[in-house]
Amino acid sequence: MYKFLIANRYLRTRLIALASIISVTLGVATMIVVNSVMSGFSSQMKDRIHAILADVMIETTNTDGTPDPRQLMADVERLVGAEVEFMTPTVEIYGMISFDWGGQTVYRPVTLIGIDPNGKNHVSPFAGHMMSRQKIILDDELIRGRLRDPNEPLDWELTDDARATRKDWIEFENFRDQFDNQYGNFESPVSAPPELLSGVEAAPAIEPVSSFSLADPFDDGSSPEIQQVSGSSVDGSQENDSTANGSSANGSSISHERHERLDGTGGIQSFRDPFESTRIAEQINPMDPLPARIYVGAGLVSFPYKDKATGKTKMIYMVKPGQDVTLTTIKTGKPEPASFKATVVDFFKSGMSEYDSNLVFCNLEQLQLARGMLFSPDPSRPNEGLDWRDGAVTSLQLKLKNYNSAGDVVRKLRSGLSPHTGTFQVLTWEQKQGPLLEAVAMESAILNVLLFLIITVAGFGILAIFFMIVVEKTRDIGILKALGASSRGVMFIFLSYGLSLGIVGSGVGVVLGLLFVRYINQVEAFLSWFTGRKVFDETIYYFREIPTLVSPMMVFWVALGAIVIAVLASVLPARRAARLHPVQALRYE
Amino acid sequence: MSQPSVISMNEPVHLRAKALDKSYRKGEHKVPVLRGVDVKVNRGEFLSIVGQSGSGKSTLMHLLGLLDVPDVGEVWLEGTRIDNLPERTRDELRNNVFGFVFQFYHLLPELSLLENILSPLMIRYSIWEYLRRKSELKEQAVEIAKQVGLDHRLRHRPSELSGGEMQRAAIARALIARPNVLLADEPTGNLDSRTGGDIMELLHKLNEEQQLTILMVTHDDNIARQAERIVRLSEGRIQSLNEAAQGVA
């Protein structure tokens, strides 16, 4: 009984000891905050990576892919069919995106990924990262609400906004083309070398004034039919233009200039040429998007811009959904470029800048077609009846029923699929992003070691102060022993004293740490206000708020570790107290 | 007053020191403190050990009270040798058989007076037993505080008490354990003569009313003479046994 009473009284009267555990408190609080933020970051990062990657990926070593996806899928089914919930093919290839912005053409290197939206939807939660399905918030101000439900399955449809953008954009492009044309004419023919170079010098009389309405079908330049027309007209068959329009007057240089621009993009046009006249008869609305449609990583086409006047940073998008861009990649077999135009359906923002500033997702069949991995069954209707199974794919993405079996699946696939030739690489998403995830794990481990050292240092503080208290209390220890207290009892006083200090210290630390984590964004806002500098810049981290994830086990272990250190630090002083000789202790004045 | 002596005839001596030797180490040198001391203490006796500073009287008391172990010699209680018992048993004996009163009172400054008085019982009982019997034990403590005249000061800290009050509290603390022998080391040494007289009066009262065996160590002959019997110690040896104690003789 006396042990608790005396330990309790010491606890209440020795404030210096409480001071010594402030460092324990701070250490515990820091560890909880750091671990929560780190695991918040890493779980967000994993979510983001996983949004793009599937559980397991089977990739061909060769960029030409495997020509027989049916066989590959059958093999996978045979090897690990029981574990696989869904599989979807992709084609991954390097490429380049180009688009007009501010009067100049912007080029960006990209990785083009051909996907089947339905399949992609099944293997990874990619759809939720589409910008049209997210709110856009800037400085706590809602700029734009969701345009689509985030849970809607992925598809290549344009949103109403994108349609409206597309309409405006096409009209603007038409107008600009006409204006350029007029302007070019007024200047002098010499000042417009592209026209001359492209062989448009054959163009008949220029009638800019009349061309406004008539030029439209040509100028939208976005539907493939028009591309075909343009392709043919450049080939010199001027008649096609007139027949197509049913009007002879508009074989104007407007369309020619347009043609010339489109021409470079028509990598897949050559074999369609003979049929274009029939195609044009069934002309589709020019406002309709092109058959090749893409999701573009937001980072590829945007950049932050700080408004000097308001001091606010906003994102400037150089392309908007609904516009067309040009994609260039390589054909299979030979190193030959293949270009095609595609309509931007949406942007995606996974939050991993590696992906957002690099990836372009395209519909699988169109990419296969462009690369010559797939040929249309009916050349007269090149965009119909396409089936990716007939072409080549470069990878299969698998969704597993249970991710825990991933290691097993990978092993089976590695040994089952061409074990000797090395045609395929099989990786889980974690292995694919291994170095990054490992770096984060390593960082977190090192931080934990360092912070735990801080708590250990605090432990030595406790040790020193406890020795002091034992010296100060030598006489009292002698009295207790004279009154019959055992050595173990005296030791227990100091051990329980240390234990109580540890519990108080780490308890307060846990509360402080959890409060800090809970209100970390308010703290960040305050620090930003106080220092006048943004502590956590959302445009750098892609997070609006600092992500945190509190793991109860982590809190438990940190608190327990601190308590154990406090108890260990009190062992030596407690032993010293227990070994004090009562007579010497009583003589001590 | 003859009764105690009759008992002591039939029973073994209450507390007895046999040829105690004790020396302390000071660096290289061994400093002898006691050299073959024999003391018999009878039940209900008020014995004072008197001697100058350094004569070894405190050490003798510590050895008798099991606070220390003799180099040579034995300590017997009721016919049982107690100096060589295991530490746990010695702790228990100190708690149950001996009550200590010190010159500097040695109260625990963190505890209230009541808690100080209760401390031997807190040490004796486990936490559950103590809590179960708490009110009963508290009553005992209040009762004993009344005996020493401190019942109006129970909630005070030792630092708020006067020297005399602190010594009374220390005596109350020694008494609550219902000891067989009270060992008092210069109980009046730090008090003025009047307060010291009060304390001596209290000790006499306890000795007479409760037949409590008291062994008092002092350097002051005037104080020593108030005891029944005096043992004079000089340079670690007994000078004279049974020197007349004026009060009783």
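Start in chain B by selecting strands 6 and 7, which run parallel and are joined by 4 bridges. Two strands count as paired if DSSP finds at least two bridges between them. The model is predicted: local features need pLDDT of at least 70, side-chain atom pairs count only at pLDDT 80 or more, and totals for chains, interfaces and linings use all residues. Residues are numbered from 1 along each chain as its sequence is written, while chains are lettered from A and ligands numbered from 1 in the order in which they are written.

**Strand 7 of chain B**

Pick B:V101 and B:A184: the latter, in strand 7 of chain B, is the bridge partner of the former. B:A184 also has a bridge partner in strand 8 of chain B, namely B:M216. Strand 8 (residues 213–218) of chain B pairs with strand 7 of chain B in the parallel sense, over 5 bridges.

Now select residues 181–185 of chain B, the whole of strand 7; 5 of its 5 residues are buried. Buried means 20 or more other C-beta atoms within 10 Å of the residue's own, exposed means 12 or fewer, and partly exposed lies in between, with C-beta atoms placed from the backbone. In a regular strand the side chains alternate between the two faces of the sheet. Here B:V181, B:L183 and B:D185 point one way, and B:L182 and B:A184 point the other way.

**The antiparallel sheet of chain B**

Move to the open sheet of 4 strands in chain B, with order 2-1-4-5 and antiparallel pairing. Strand 2 (29–41) and strand 5 (80–81) of chain B stand at the edges with a single partner strand each, so one side of each has no neighbour in the sheet. Inside the sheet, strand 1 (residues 15–26) and strand 4 (residues 72–77) of chain B pair over 5 bridges in the antiparallel sense. To see one pair, select B:K18, which stands opposite B:E74 in strand 4 of chain B.

Contact means that the C-beta atoms of two residues, placed from the backbone, lie within 7 Å. Axes are lines fitted to C-alpha atoms, for helices over the stretch in contact, and angles between N-to-C directions run from 0 to 180 degrees.

Two loop residues are worth a click. B:L66, in the loop between helix 2 and strand 4 of chain B, has a positive phi near 65°. B:L66 is buried, with 25 other C-beta atoms within 10 Å. B:E78, in the loop between strand 4 and strand 5 of chain B, has a positive phi near 50°. B:E78 is partly exposed, with 14 C-beta neighbours inside 10 Å.

**Where the chains meet**

Show both chains and select their contact, which takes 23 residues from chain B and 19 residues from chain A. On the chain B side, helix 3 (87–96), helix 4 (113–124) and helix 5 (127–132) each supply at least two residues. Helix 4 of chain B gives the most, with 6 residues.

Next take helix 20 (residues 474–482) of chain A, where 7 of the 9 residues are buried, so the helix is largely enclosed by the rest of the structure. Among the buried residues are A:D476, A:I477 and A:K481. Their cover includes helix 21 (487–518), helix 24 (552–579) and helix 25 (582–587) of chain A, together with helix 3 and strand 6 (98–101) of chain B. After helix 20 of chain A comes A:G484, with a positive phi near 110°.

**A helix pair in chain A**

Finish on helix 3 (residues 22–52) and helix 19 (residues 434–472) of chain A, which pack at about 175° with axes 9 Å apart. That makes the two helices of chain A roughly antiparallel, a label for angles over 145 degrees; under 35 is roughly parallel, 65 to 115 roughly perpendicular and the rest oblique. On the helix 3 side of chain A, the contact includes A:G27, A:M31 and A:N35, and on the helix 19 side of chain A it includes A:L447, A:N448 and A:L451.
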